[in-house]
Structures are given as structure tokens and as C-alpha cells.
Amino acid sequence: MVRPSDARTPVDVRRKALQLISLATSTTWPEEARTTALIAVRLIVEHNLLELSTPGNLEELLAKARAEGAREEQSRRFKQDAADRERAARAREQKPRMPRAPDGCAWIHARFDSVCIFCGTRVTTGEKVLWEKGAGVIHEACWPEAYAQAKAREQ
Ligand SMILES: [Zn+2]
């Protein structure tokens, strides 16, 4: 039986060890630093990695591992931002909508000053109103009550 670790090349193992070292030396969590450093050292000992690299290219590889870590962090943040935007868009969609205008009516912005046919007070130009063809306009705020009364009359 082939264990996953058997398939690893020395380069893969060295890369993994460098990523662990990079994390161990950059994390702000002492516990994480200790744990990752320990795993890195075990890998280094188990695979005899110090024999494979000269100090020069070890530095180089460490820098590469750090850059890779930064890219991963950036990608993680990007995904997080995308998720935030998606959630915000969903919240906007779920906002309660105006009730559908009944037949022969439409939600409009008043084109001129007039009077609400329900409460009899002023409607000013630009105000959102329910317009009923041939009848007039009703304040947006008056509509729920007007609708309830119309329903009651129907019964
Ligand atoms: Zn009104």
C-alpha cells in the first residue's frame, strides 16, 4: 500500500517545511508558532532536508514560501470580500417591496400637487403615491388603510 507521504518528492517536502517555517516565524500566535515549528523540524529531520540545501538557497526558498503565503492570504481576503458583497446583495433583494398595485392603479411619483383621495390632505409633486386611473392619488402611507377599507367594503 502506498501512503500519501511516499509519493512526495524531496522538493514537495522541502516546500512544505519552508511554508511551516514561514508560518512559525510570522504568526502572532505563540501556540501556532510552536506547533508549526515542531512539525517543520520533524519534517526536516525525517527527510534529512538540511543535507539537501545550502544556506543560500534556503533563504531564497524561505522568501518564496513567504510570498506564497502572502498570496494565499490575499486570495482568502478576496474570497471573503466577494462573500460579503454577495450577502449584501441578498439582503437588498430580501427588503420588503411595495405591495403590487391593484388593477388600474400604479405606484408613481406625483407629477403635480394635488390632494389624497383617501385622507384629503395635500400631495406634493414628486411624492410617491398610488395613482388610480380616473380617481386620483393616495399617499403611500395612506394605502394600507385605504386598501383594508376597500377590502372590507367588498365583503
Ligand atoms: Zn393620504
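The structure is a predicted model, in which local features need pLDDT of at least 70 and side-chain atom pairs count only at pLDDT 80 or more, while totals for chains, interfaces and linings use all residues. Residues are numbered from 1 along each chain, as its sequence is written.

The protein contains 4 helices and 5 strands; helices (H or I, at least four residues) and strands (E, at least two) are DSSP runs, numbered from the N terminus. Read from the N terminus on, the elements follow the order α-α-α-β-β-β-β-β-α. Of the 155 residues in the protein, 13% are buried. Here a residue counts as buried if 20 or more other C-beta atoms lie within 10 Å of its own, as exposed if 12 or fewer do, and as partly exposed in between, with C-beta atoms placed from the backbone. Two residues are in contact if their C-beta atoms, placed from the backbone, lie within 7 Å. Among contacts between residues at least 6 apart in sequence, 35% join residues at least 24 apart.

Leaving aside neighbours within four places in sequence, Ala40 is in contact with Ala17, Leu20, Ile21 and Ala24.

In α2, Thr36, Ala40 and Ile44 are buried. These three residues cover an arc of only 80° around the axis, so they lie on the same side of α2, the arc being that of the directions from the helix axis to the C-beta atoms. An α-helix has 3.6 residues a turn, so residues three or four places apart point the same way. The buried residues of α2 pack against α1. On the other side of α2, Pro30, Glu31, Arg34, Leu38, Arg42, Val45 and Glu46 are exposed. After α2 comes Asn48, with a positive phi near 55°.

The strands complete the picture. Strand β1 (residues 105–109) pairs with strand β4 (residues 128–132) in the antiparallel sense over 5 bridges, where pairing requires that DSSP finds at least two bridges between two strands. Within this pair, Trp107 stands opposite Leu130 in β4. Strand β4 is also joined by 4 bridges to strand β5 (residues 136–139), and these two run antiparallel. The bridge partner of Trp131 in β5 is Val137. Together β4 and β5 form a hairpin with 3 residues between them, and Gly134 in the turn has a positive phi of about 80°.

Ile108 belongs to strand β1. This residue is partly exposed because 13 other C-beta atoms lie within 10 Å. Not counting residues up to four places away in sequence, Ile108 touches Val129 and Trp131. The C-alpha atoms of Ile108 and Glu127, 19 residues apart along the chain, are separated by 8.2 Å.
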